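Dear colleague,

Please find below the structure for your files. A summary of the findings follows it.

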Amino acid sequence: MYKAQIKIISNAQRGIGRDFRTGNIYQRAKNGLKTLSIMLTWALENGVETADSMKARGYGLKGRTSFSIFRFDSRDQVLAASLGVLIIVFVYGISIGRFYFRIYPTIRWAEFSPYSLTFYLSIGIIFFLPTIIGILEDLKWKHLKLEI
Amino acid sequence: METFKIRDLSFSYPEEKTRQLKNVNLTIKQGEFVTICGESSSGKSTLLRHLKPALTPYGIKKGDIFFNGVKIDEVDLRTQTSKIGYVLQNPEHAIVTDRVYHELAFGLESLGYDNNTIRLRVAEMATFFGISNWFKKKVTDLSGGQKQLLNLASIMTMQPDVLVLDEPTAQLDPLAATEFLDTIKKINLDIGTTIIISEHRLGELFPMSDRILVMDEGQVIIDAKPELASRLILESGHIMSKALPSYMNVFAAVEGEDAKTRGYPLSIKASREWLSEKVENKIIKHPKIINEKENDEEKEIVMELMDVWFKYNRNEKDVIEDLSIQIKKGEFHSIVGGNGTGKTTMLSLLGGLNKPYRGKMNLDSNIAFLPQNPQALFVEMTVERDIYEMVKSIEKDRNRREERANEIIKMLDLEEILKRHPYDLSGGEQQKLAMAKVLLLNPKILLLDEPTKALDSHFKIKLGSILRDLVNKGTTIVMVSHDIEFCAHYSDRVSLIFNGSIIATQRPREFFSGNSFYTTGANRMSRHVFENAVTTEDVIVLCKMNGL
């Protein structure tokens, strides 16, 4: 927003023969400062009007709520719940020491066993969740297309 | 039921002797559509701001205002916020959030509604205003007209009883302004909201309004229905008569004394019918104004663009496509055209602010550019210092400085406002000051970008004569404007720009008499009778010549 305004002002100043791109250093600095000063006054003056607009619409009244256009529907609930479960499994895995992976200075990891594999799987799903959802969506579209 | 009742209201700013409002008495009924007109600084804005306590200026106030029967100072902030909607003049500054839907919800959030109610109200208003398509856009991507519509919609979500609008279309182009005013009328008719609006575009508002108030020096001098009000204004010869649509002025001039008994036409249609009636069974001996002598050909060309192409970015669309234009010495050249057709861009090419990527340009170096935003030129605390700031940079001889400054102050009538802060001036006065600074450069060519935006009719006339004066002294003027009436009246040649190139360049009379929509009101009312009348004076002259 301010960038656009500076452009307007510097163009206006160029229009009356004052350009911070030409002239000696002193003049350039002077003209540049002038642009900045106009910018500042302008912004403050506009701020007063914006404040009026906010006041006119009751900003500052007690009990302000906040509106969001996103809804939390059943799909979101399912996703949130499964994420929760996966995270709990993963944290539990760390806490009992069955989940350990180190690549520096040497590569070492906790031994694989069916039991520890659960933990690896849980973190894998968390990591690849966006990809999985994306692939599922694609498959669904292809399927729908075939039906048409 | 009365929405507002104002008793003996007077107001003055602290430390100022003159009163902004003088004993205003007014009653506004529920559901009424009231238009307030008057010159700038006649007290319109001050009166409107008193109707919304949150915006009332600080000062000495006498008298009472009642809102729905309750003293307005005693109305609590919550009721006042939702019930009295106030639309500010500049849409750019009134928007406070970043997304369209959030802006719509802003007022409701303040009032503390829950998400479901807000969702419903926002959806409802978005549908009513046709905003659904740009509901999720960023506010910075909207056009000026869309922004103002959004402002209005974001106030309507609070379901106000009354809408107060202070020159809401001053910053809009004619098409967007008409759309906006139509929406206001729709709100009034469909929802029953009381409308109190101050405006310069009286041609469109007179047929819509239930009542017209004329203000002058802080007093309401006329309060009547549109038909009677137009008669009273024209009869009194008040300065506002110039602001009335041209057909009313023609009617008053032609009918003379008879205008009192006949009803004033309130639309182009009605005035066309009136004119048809007048010429019935009469032979029109003089169907057109004889053109002044053509001497365009002899004038030398001072600036020229030849087959010019321009775009702002390599990957973007061309803004200017294959444009050619010739500016001749000492002419007043107007450029008209719709929004986004490249008018302002073309002017920036002429001013040397941008360079085309193809085509040839012959420019003059002695150019001054008056920007759309006069504020972009103001640097000092008072008008006087601002002028001297400019004088200093161009006049090396100290003794001549005062002379130069006084010259320009006199030429533009700045004496009375010398001590004021540039930002406290009205739109017209700011335009004058900016003009003064630009003229001090003694330019051979003057480029103007929408100089009549936000000016009242009184000042437009003044600006017009200042510009004509300059042209007579040999200055060349190139002006970009939406204001067809102004172009028709004052310019020597008019060019139409469409889709980035110049379609036609003609003298205003030929240009406007050929168009049926893109033309002046005077031409639209008279084109079925006269061939080439484009200004109010033209129509009056032709009527007189034909003995109507």
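Phe106(B) is buried, since its relative accessible area is 4% and the limit for that class is under 20%. Please note that the model is a predicted one.

Across all chains, the search of the whole structure returned 10 aromatic pairs. In one of them, Phe106(B) is stacked with Tyr59(A), because the ring centres are 5.7 Å apart and the planes meet at 10°. This pair joins two chains, as Tyr59(A) belongs to the loop between helix H2 (25-56) and helix H3 (74-95) of chain A, while Phe106(B) belongs to helix H4 (residues 100-111) of chain B. Tyr59(A) is partly exposed, with a relative accessible area of 43%. Phe106(B) also has the charged end of Arg64(A) over its ring, 4.7 Å from the centre.

Within chain B, Phe511(B) and Phe512(B) form an edge-to-face pair, because their planes stand at 90° with the ring centres 4.9 Å apart. Phe511(B) is buried at 4% relative accessibility, and Phe512(B) is buried at 0%. One aromatic cluster consists of Phe251(B), Tyr264(B) and Trp274(B). The charged end of Lys186(B) sits over the ring of Phe128(B), 4.4 Å from its centre.

Turning to chain A, the domain assignment gives domain 1 (2-56) and domain 2 (74-147), and the centres of these two domains, taken over C-alpha atoms, are separated by 54 Å. A nonpolar surface patch of about 820 Å² includes Leu121(A), Phe127(A) and Leu139(A). Phe127(A) lies in helix H4 (residues 114-147) of chain A and counts as exposed at 59% relative accessibility.

Yours sincerely

Key. Residues numbered from 1 in each chain as written. Chains lettered and ligands numbered in written order. Predicted model: local features only at pLDDT ≥ 70, side-chain atom pairs only at ≥ 80, totals over all residues. Heavy atoms only, no water. Patch = residues over 30% accessible without salt bridge, like charges linked within 9 Å, V, L, I, M, F, W, Y side chains within 5 Å. Areas by Shrake-Rupley, 256 points an atom, 1.4 Å probe, with all protein chains shown as cover. Salt bridge = Lys/Arg side-chain N within 4 Å of Asp/Glu carboxyl O. Helix = DSSP H or I, 4+ residues; strand = E, 2+ residues; numbered from the N terminus. Buried < 20%, exposed > 50% of the residue type's maximum accessible area, 1.4 Å probe, protein only. Domains from an automatic or database assignment. Phe/Tyr/Trp six-rings, centres within 6.5 Å; stacked < 30°, edge-to-face > 60°. Lys NZ or Arg CZ within 6 Å of the ring centre and 35° of its normal.
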